Amino acid sequence: MTNIVLFSGSSHQDLSQRVADRLGLELGKVVTKKFSNQETSVEIGESVRGEDVYIIQSGCGEINDNLMELLIMINACKIASSSRVTAVIPCFPYARQDKKDRSRAPISAKLVANMLSVAGADHIITMDLHASQIQGFFDIPVDNLYAEPAVLQWIRENIADWKNCIIVSPDAGGAKRVTSIADRLNVEFALIHKERKKANEVDRMVLVGDVKNRVAILVDDMADTCGTICHAADKLISAGATKVYAILTHGIFSGPAISRINSAAFEAVVVTNTIPQEDKMTHCSKIQVIDISMILAEAIRRTHNGESVSYLFSHVPL
């Protein structure tokens, strides 16, 4: 591939390196540092004039610092005469603040979309957006990739009796996601209806569906403090499920998440590497990782060559 430059932000260097290796490219030279007053400084170390630039930066770790670094990198490439700048954001920051669900609530995901556009991004590639309508917050093309094909592959390869499993959504919002996976596997699905009194705290749960003597697979797009999925796992075991797995695209795992997973009834908690998990895996043996770098790499290759990306919605690239 000619006229392409791949840069990595500092949030997830390992994923960026995997994508670069898959594409047969070297990561572009970029130096990011902080001044003593904590301002972010970025120096692009090579020419990007007329190039198709891809900047990989996930919304994790020090989210605000990493978002600011991404904006500065986009702007630096844009004003250095690059032909197109694509922000590859595997885990989109502020995606949960996507609606005005109470008075005076900000729609921060829209603000982030505006910031990326103003910085000079021409195209966004992301994965499993918390709400797919976030794509409508942008006036530039957004490719929302899905981890679903990789998840289906993992289930078929790692769960022996997957034909007797039931796919469970831990909340009503994920119903569409679980029905899609259940249809592709030709198995049944169930829902858990939860009532929240306040954010990050679940009050009551009601299971809709029959999980007795089945392997239950909880599927969600992200888990933060893991209160919901750990509650859900207990609910499924008490309803007669033989084993419980959790499969999540974005494993944020903040606060008490790791201790909750360790004491919950999971066989395994499977996440993708949109967020680095090496540190979490040392503290929790139940966490397993699906590599999605090949999906991002193929999306970058197809975008650069002007090919359709829709193939990736139902297939894992070989």
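**Overall build**

I began with the secondary structure and found nine helices and 14 strands in the protein; helices (H or I, at least four residues) and strands (E, at least two) are DSSP runs, numbered from the N terminus. I noted that this is a predicted model, where local features need pLDDT of at least 70, side-chain atom pairs count only at pLDDT 80 or more, and totals for chains, interfaces and linings use all residues. Residues are numbered from 1 along each chain as its sequence is written, and side-chain values use heavy atoms, with hydrogens and water left out.

Next I checked the overall size. The radius of gyration is 20 Å, which agrees with the value near 20 Å for a compact globule of 318 residues; this is taken over C-alpha atoms, and the globule rule is 2.2 Å times the number of residues to the power 0.38. Along the principal axes, the C-alpha atoms fill a box of roughly 60 × 45 × 35 Å.

**Burial and contacts**

I read off that 53% of the 318 residues count as buried (under 20% relative accessible area; exposed is over 50%, partly exposed in between, with a 1.4 Å probe and protein chains only). Among contacts with a separation of 6 or more, 62% join residues 24 or more positions apart (contact means heavy atoms within 4.5 Å).

**Helix α4**

I then turned to α4, residues 148-158, where E148, P149, A150, V151, L152, W154 and I155 are buried. Which elements do the buried residues of α4 pack against? I listed α5 (175-185), β11, β12 (243-251), β13 (266-272), β14 (287-290) and α9 (293-304).

**The β10–β11 loop**

R214 sits in the loop between β10 (201-208) and β11 (215-223). Is R214 buried or exposed? I have it as buried, because its relative accessibility is 19%. Beyond its neighbours within four places in sequence, R214 is in contact with N164, C165, I166, E188, G240, A241, T242 and K243.

N213 is in the loop between β10 and β11 too, but N213 is exposed, with a relative accessible area of 54%. I also marked its positive phi of about 60°, although N213 is not a glycine. Most residues other than glycine have a negative phi.

**S81**

S81 is another non-glycine with a positive phi, about 70°. I placed S81 in the loop between α2 (63-78) and β5 (84-89), and wrote it down as partly exposed, with a relative accessible area of 31%.
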